[in-house]
Every structure is written in structure tokens, then in C-alpha cells.
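Here are a few friendly notes to read with the model open beside you. Take them one at a time, and find each residue as you go.

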Amino acid sequence: MKKITMSHGSGGAGTDRLIAETILKHFTGPVLARLEDSAELPPPGGRLAFTTDSYVVSPRVFPGGDIGHIAVCGTVNDLAVKGAVPKWISVALILEEGLEIEELENTLASMQKTALKAGVEIVTGDTKVVEKGKADGMFITASGIGVIPDGVRLSAAGIRPGDRIIISGPLAEHGVAVLNARHRLGLKSGIKSDGAPLNGLTAAILKEHAPFIRVMRDLTRGGLAGALNELAAACGRDFSMEERLIPVSDAVRAACAILGTDPLAMANEGRLCLFCSADRAERVLAVMRDTEFGGGAAIAGTVTEGKTGRVLLATAIGAERILSSPEGEVLPRIC
């Protein structure tokens, strides 16, 4: 079994072979193929969105995805929820000595497959190798550039009383899938990560309803609870959520009950929430449900007249409680 060695990060012949024989076999875009120090890109026009994130998920492969898949999905989604059309991605690989080349190739193939599905191009990158014991196999840093179309301006500052809060699909499947794989819990429910590129979903929404969408947010670490509290604090408004309307599958709900976790605070990699004017909510919902990754969308809350920046949850048993932002890290190394 071939493995990563320190020579692969030497900057010499070993690095050249790693790039030529392993990386470029999977990343096949014409810009990257020039192998220049930076990618030369055509003027995209319009306003740019630029994002970067690092991915350290453990384990690196889990039901429904892997570290490469979520690196591309996460980058695409950070751009998409800003209303941007994702265009280009940069990828930096931190590889630990001893990593099997076969796993690296599987990761690269997964990244390229996801990038093609999302319609983005991997145009530049970097590779470093660190000594055994100095990392956990493989870390990935990905940056992305997208173009925000004219007429799209999404911000928490635009949230108004009466706006509806829509969630794109069942929550917490990524968090439960990773937790089950990491600790080998043996949950037999078949729960898979929800990781997915959401730019097709956001493009469909904005095509017809852009002036009525206030803000969108992908629900990663901190889950729905974290995202709603951030937005409530940013706009200074109260949100009223209906627990019975928030999409959570029975399998995830049961798994969270066993594990003592809250699905509303668990991480997702292919879910978003959005705020839109009340008179457009049903039409926006219909558009979402007609897309590949929005079939489970639901209207689950409303922006109220309150100005305390709190998120209130009407529970399934008829009580009401404050839905707080998660304290600490509910599940570390989730993405």
C-alpha cells in the first residue's frame, strides 16, 4: 500500500510526482492544469463573495460523505447562502506522513465529483506534508469565489416582523452520522450525512423571489439553534418557532434521545434556513420543495414584534421555552 512520505512535501521530485500522478489525475480543470503560482481568471463581473474554511472532520469517511465532499459542499454553501453563484475554489491539503495514497485519491475524486455537480471549478491549491503524529491524517482548507447577481442583497438587517422562517429539510443527519461513525455506536437506522451543495436550491429561490428573501444561512456547527440566535442578535428581533413544524426525521429524533443531544443544535452540511416576507412564503416553499435538496422544506417560524433578540420555541407538548445558542462544542471536529 503506497503511503504519503516526507519526500512528497519536499518541493522536489517527490512533490512533482504527487501532483502529477495523484492530484492532477482527479482535479482536471483547465486553469489548474497550467500549474502556475496563482490562477488567472476572467473578470467575473458584479459583486464578489469570497469565503474560506478549514475541514478537520473525524472520521474522514462516514455514511453519506467524506472530508473532501464536505470541503466542497461547505465552500459552495457559504457562497450560495449569500446569494452568490459559486465559480472557483482553491484547495490546500495538509497531509500527514503515512497517509495511504489510496485514501487521498478517494478524497480527491470525491472533491472533483462534488465540484462538477455544483458547477464550480477547482483552480488552484497547495500541498504540505507534516511528520507522522503532527496531524490527524489529512486536513483541508478550501476557499471560494462567487458572483452575487444584481438585485440580490441578503442581510440580517433586512429581517422584518411577520417574516416567515423556512428550513430546507430534516435536521441533524450529518451530526448523527458522524457521531455514529466516530464512536462506532452501532445505530442501525441507516442515517447518512445530509452533506450537499445548495447552490441549485438557492438559485431557484432567488430566480423568482430575490426581492422578498431577507437572509439565508447554512446550518453547520451550532445547528439551527446557533444560526437563529446569531440572526436574532444581529437584527434585534424575536423569533417564534414551532417545534412540531421543524423537520426532524423519526430516526434522528430517536438517535438524539438515546445520545442525549438536541437535533436543533446538531450540525448539518446540506441544510439552510431563510427568512422571507409572509406573503411569499408559500410560493418560496413550493420552489424549494421542487429542488433536489429542498424536498423536505417546511415553514417553521415567524419573526415577531419583540425586540429582545430571543428565539422562542413552542414545544410539542404545548409549553414555550427559550431556544438558546449551544454552549461550547456540542460535537467537535464535525466538519
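1. In this predicted model, four elements each give at least two residues to the lining of the largest pocket: strand E1 (47–55), helix H2 (67–80), strand E8 (213–218) and helix H6 (223–235).

2. Now look at the space itself. The largest pocket has a volume of about 640 Å³. It is lined by 34 residues, and those closest to its centre are Arg217, Asp218, Thr220, Arg221 and Glu230.

3. What kinds of residue make up the lining of the largest pocket? The lining divides into 17 nonpolar, 8 polar and 9 charged residues.

4. Next, turn to the second largest pocket, which has a volume of about 430 Å³. Among its 21 lining residues, Ile19, Leu32, Leu35, Gly125 and Asp126 are the closest to the centre.

5. Which elements each supply at least two residues of the lining of the second largest pocket? They are helix H1 (13–23), strand E4 (85–96) and strand E5 (121–130). The largest share of this lining comes from E5, with 7 residues.

6. Finally, sort the lining of the second largest pocket by class: you will find 12 nonpolar, 5 polar and 4 charged residues.

How values were computed
Residues are numbered from 1 along each chain as its sequence is written. This is a predicted model: local features need pLDDT of at least 70, side-chain atom pairs count only at pLDDT 80 or more; totals for chains, interfaces and linings use all residues. Side-chain values use heavy atoms; hydrogens and water are left out. On a 1 Å grid over the protein atoms alone, a cavity is a set of points where a 1.4 Å probe fits but cannot get out, and a pocket is an open set with protein on both sides within 12 Å along at least five of seven lines; lining residues have an atom within 4 Å of a point. Grid points are joined across faces, edges and corners, and a volume is the space filled by probe spheres set on the points. Ala, Val, Leu, Ile, Met, Phe, Trp, Tyr, Cys and Pro count as nonpolar, Asp, Glu, Lys and Arg as charged, and the others, Gly among them, as polar.
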